[in-house]
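Hi everyone, thanks for coming.

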Amino acid sequence: MSNVKVAVIYYSQTGTNYQMSRWAEEALKEAGHEVKVVRAQELAPAEAIAQNPAWEQHLEETKDVPVATPDDLDWADAFIFSTPTRFGNVPGQVKQLLDQCGGLWGAGKLVNKVVSGMSSAMNPHGGQEETIHALYTTMMHWGAIIVPPGYSNEVIFSSGGNPYGTSTTVDGEGNIQEDIEEAVKHQARRTAEVATWVKNGQQ
């Protein structure tokens with residue numbers, strides 16, 4: 001069974017989705033997969049960022065994380081997206097990356113890529129599930145293979161029970177409110193497992 005290449009792509013203002021991405025990376029590396037953690041490029045003006053010290057601090061702390069490009073999606077066998085919700089949709093930073101993938105899509109290079117999504121919001125019904133659905137709609141246009149966690153492991157129940165992808169709520173300081181680490185890691189391992197089946201089946 002060959003290992004797979006996984007791009008963990010996130011956008012984070014104060015660190016929630018960054019942390020989720022690092023947990024995914026940890027699980028994937030423990031399983032022997034090749035992993036890239038990359039961030040969606042920040043588009044907000046510096047004046048807006050400066051008004052939120054936690055946002056400004058997190059951006060500074062993660063400035064060395066590579067910015068995601070379509071080349072990362074071309075390279076990967078599988079993607080895991082971790083993104084906050086914006087009115088039930090992905091943020092503009094993530095949407096810009098997706099919109100840049102027209103060339104890959106037109107060349108058929110995104111077909112049969114394996115993908116899974118995670119999300120966060122500031123309240124339990126803040127659009128996490130719809131954000132993941134919105135991401136998956138784009139993936140369907142790509143012909144990608146969507147791998148939700150479903151209820152494939154009991155940790156899904158202990159972390160809030162979202163079958164579409166691990167999700168969480170955060171407080172005003174960006175602190176994660178649920179115990180989601182093991183759910184994130186399970187979702188990452190499951191995504192890579194399915195990607196391994198797909199990759200081996202194509203060889």
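By right-handed I mean that, with the strands pointing away from the viewer, the path from the first strand over the helix to the second runs clockwise.

Before going on, a word on what you are looking at. This is a predicted model, where local features need pLDDT of at least 70 and side-chain atom pairs count only at pLDDT 80 or more, while totals for chains, interfaces and linings use all residues. Residues are numbered from 1 along each chain as its sequence is written, and side-chain values use heavy atoms, with hydrogens and water left out.

Helices (H or I, at least four residues) and strands (E, at least two) are DSSP runs, numbered from the N terminus. Two strands pair if DSSP finds at least two bridges between them.

Now the overall picture. The chain has nine helices and six strands. Its C-alpha trace spans about 50 × 40 × 30 Å along the principal axes. How does the radius of gyration fit a compact globule? For 203 residues, such a globule would have a value near 17 Å, and the chain has 16 Å, which agrees. That radius is taken over C-alpha atoms, and the globule rule is 2.2 Å times the number of residues to the power 0.38.

Of the 203 residues, 51% are buried; buried means under 20% relative accessible area, exposed over 50%, and partly exposed in between, with a 1.4 Å probe and protein chains only. Among contacts in the chain with a separation of 6 or more, 76% are between residues 24 or more positions apart, where contact means heavy atoms within 4.5 Å.

Next, let's turn to β4, which covers residues 114–121. How many of its residues are buried? Eight of its eight residues are, so β4 is mostly covered. On one side we find V114, S116, M118 and S120, on the other V115, G117, S119 and A121, and all of these are buried.

Which strands sit beside β4? Seven bridges join β3 to β4, and the two run parallel; here T83 stands opposite S119. Three bridges link β4 to strand β6, residues 167–169, also in parallel, with S120 opposite T168. Two bridges join β4 to β5, again parallel, and the partner of V114 in β5 is I145. To get from β4 to β5, the chain goes through helix α7, residues 128–142, in a right-handed β-α-β crossover.

Let's move to helix α9, residues 181–202. At 1.5 Å a residue its 22 residues should span 32 Å, and its end C-alpha atoms are 32 Å apart, which agrees. The expected span here is 1.5 Å times one less than the number of residues. Several α9 residues are buried, including A183, T191 and V198. What covers the buried residues of α9? The cover includes α1, β3, β4, β5 and α8.

H186 is buried, with a relative accessible area of 11%. Leaving aside neighbours within four places in sequence, H186 is in contact with S152, N153, V155 and I156.

Finally, back to β1, where V6 is found. V6 counts as buried at 1% relative accessibility. Not counting residues up to four places away in sequence, V6 touches L28, E34, V35, K36, W75, A76, A78 and I80. One of those, A76, lies in the loop between α4 and β3. Is A76 buried or exposed? A76 is buried, with a relative accessible area of 0%. Beyond neighbours within four places in sequence, A76 is in contact with K5, V6, A7 and K113.
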